[in-house]
Amino acid sequence: MSLKSKEIRKQFLDFFAEKGHQIVPSAPMVVKDDPTLMFTNAGMNQFKDIFLGNEPVKWSRIADTQKCLRVSGKHNDLEEVGLDTYHHTMFEMLGNWSFGDYFKKEAIEWAWELLVDRYGISPDRLYATVFEGDASENLERDNEAASLWGKFLPAERILNGSKKDNFWEMGDSGPCGPCSEIHVDIRDDEERMRIPGRDLVNNDHPQVIEIWNLVFIQYNRKANGSLEPLPARHVDTGMGFERLCMVIQGKKSNYDTDVFQSIISKLALLSGKNYGSEEKADIAMRVVADHLRAVSFAIADGQLPSNNKAGYVIRRILRRAVRYGYTFLGFREPFIYKLAGSMKDTMGELFPELSAQQVLIEKVIHEEEESFLRTLETGIRMLEQLAAKAIDGGIQEISGKDAFTLYDTFGFPLDLTQLIARENGLQVNVTQFDLEMQAQKERSRNAAVQETDDWVDLKKIEKVEFVGYTEFDTDTRIARYRKVTQKGKTFFQLVLDKTPFYAESGGQVGDTGYLEYNGEKIRVEDTQKENNLIVHIVKKLPQDTGVVFRAVVDMKARLSTENNHTATHLLDHALREVLGKHVEQKGSLVHPDYLRFDFSHFAKLTHEEIEEITQMVNRMIRQNYSQEEMAGISFDKAREMGAIALFGEKYGDTVRVIKFGDSLELCGGTHVHSTGQIGQFIIISESAISAGVRRIEAITGEKADQYIREKLEELASARALFGQTSDLAASVEELMGENAKLRKQIAEYEKKAVSEVKDELKKQIENVGGISLIVAKPELASAQAVKDLAYQLKGEVDNLFLVLGAEFDGKPFLTVMISEELVKSKGFDAGKIVREAGKEMKGGGGGQAFYATAGGKELAGLPAAMQKARSFAAGN
């Protein structure tokens, strides 16, 4: 009996623990403090700082399984996932690392031992590739790796690989080196006899696949493209967990393993379709199973679907799953949320966030599904209108531009547009669609292009000393700097040996301020954290970079930020007290001007709840609790103390705990010394940002004082309008009552006027070939009155063709109403008529076949527009 996926994962980790590796947990899939990444896309991401030399090596040997997400790059274009059997968006990467410890010999020997001796993979199915060298870079073939593989494999199964496939690079610059890939051939024996596996390695064969990549990091790529040897050599390996399960469980597809089958089997039950019986349905099931995992882990890590950045990626993945279910599995109601619990058995033990966040995951997915299904229906109607327009115009195709709009706005894949077009006897201009797609990708690439020079090192430091918890200014030196060009703008990144500037992280914005020496002030525009470095952003370099500067933080902005950060902690505490312990932080922004706090809760807050929360926070402010900081304590001890930790955050072994009264949280941000400094706390708004997640925006300190002054001034102005009434609410209520009476009288007047006009128009009916034609410009007070008149005439006049002109606020307005019997018998379409007639008054409009309206810019053109509309009936 083959191993289950849980056992395969455990054996990997146990094996490397035996080899002296520290087993570490997966980092969150959603990256929060690295501006170069939105998602963890490789196992090495959480160790970048070690490779770059920004963080000391704690353990020289590490192993883990890392949850990763890829939606672009080789074989990972989102639109391709699900079409084959072995590529994914979200996947687990099993990996082992050596930081200046072992190198090629151990990495290769242990890989062979695990795959062959422990997992029992047949050695005659394995191939290894080695870097073939590159003359342009003066790099020789990796003969060392080839020689080591020669202990286990015959020469014909040790293959040379190009720089593209067998030389790994972190980016345009940084650590890099040759790699050795292990490929496995899982084809049937008959096929293996017919075509040697060596001919299919790295040729996109679904059953001759890369299973493990061993990267030997021994060079540093400089910004000018040259290579220099690293002082310490490292090993970075990555093995696709899903592929490994496929091989060990004897399957031909990753989706046939127990990793995915728990999801697919439930999906088959819900859809009434059997997996394996129909290709398009099978693809749809693979898409849904894959995308469910990606979206679930993203939500569990705190990234909700949205229209921006990482949130947009997650929304796009989920919408792709919905549209595949809609098109090929027949779902017209939300269904993906019902599958969220299916991952518990295979992944819940190692990733407890799935179970802890299951209710939120289900609610968010359900709401997103409902919303997108409505969008799909709208898109289908739009596509049907485009098809009708093309047919009416004698055109046999839908433009690629329109098809791309459907794709980009409504999530319609090209094949769905083509399917509906074919049903209407039309084609889609695919060449034009591809050009639109290419243009969009080019725009995205250009927006992301950043040229970064090498660091210029002025002073060697182990770590930047941050003094910003207690100091607003300090003497400092520039340790390193580099020039960065993005979107045509050049700026510089500075790393100081000592800094009071807080780098943006944990929701708190970065500090601003300046560096000063001998009268020269260099403004610090922002402070960011990049690869564990505190990076100061400036527009120009100082005249002399080697002197001692005075680094000064903008104290006013920092103090306001601290007010808002501490108030965020107090708000978090109050929410849990008032609403319940289910409340969890889902995001925050701490800015000098305001604070924003997202939290899990499944109902709109009542006025009473908001009032109670506000009062509780302000009580804690008035009680003037002093800040109690506990730095350098263990994560486990902090949790035992009751400190609040966030899902989706990566914490070190030691953490910082901040306490104000009963509020106790893990936090690396800056705070007030005592809560009385905050002054006042006011909630400005409370809203929903997704299913089960609410957002509060609030202000404190001077902003709260200013808000209260403005509101008092508004009240004073309003009271003055009522003659300084002593009871403003009663006066307003009285005025509203009078207003309602007047509106009622106007409505009754309009109703009477419509009735009189209707009777008059019925006397003016012109019979044109059996059509009851009325063309008039009645004097009515509103567009609603015109609409009421049209509908009343439609109900009382047979074979009606009505054209009404009107003027409102100096603008022309045209209405066409046609009886449904004429729409059917004569083929009239009021929408097309008003669009055509509206041109006469430099306007346009639309509507339904029996009723449509148009507005215009040119009042003088109204008579011509009415005549144009009349001609459709008269010319019949």
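Is Cys179 buried or exposed, going by its relative accessibility? Let's work through that and a few other points together.

1. Cys179 counts as buried, because its relative accessibility is 1%. Here buried means under 20% relative accessible area, exposed means over 50%, and partly exposed lies in between (1.4 Å probe, protein chains only).

2. A word on the basis: this is a predicted model, where local features need pLDDT of at least 70, side-chain atom pairs count only at pLDDT 80 or more, and totals for chains, interfaces and linings use all residues. Residues are numbered from 1 along each chain as its sequence is written, and side-chain values use heavy atoms, leaving out hydrogens and water.

3. Now the disulfides (pairs of cysteine sulfur atoms within 2.5 Å): a search of the whole structure finds 0. For Cys179, the nearest cysteine sulfur belongs to Cys176, 11 Å away. Cys245 is buried too, at 0% relative accessibility.

4. Next, look for the largest nonpolar core, which has 123 residues. Such a core is a set of buried Ala, Val, Leu, Ile, Met, Phe, Trp, Tyr and Cys residues joined through side-chain atoms within 4.5 Å. Trp149, Trp212 and Leu244 touch the most other members. A second, separate core of 45 residues includes Phe813 and Phe850.

5. Finally, find Ser342, which is buried at 11% relative accessible area. Beyond its neighbours within four places in sequence, Ser342 is in contact (heavy atoms within 4.5 Å) with Ser262, Ile263 and Lys266.
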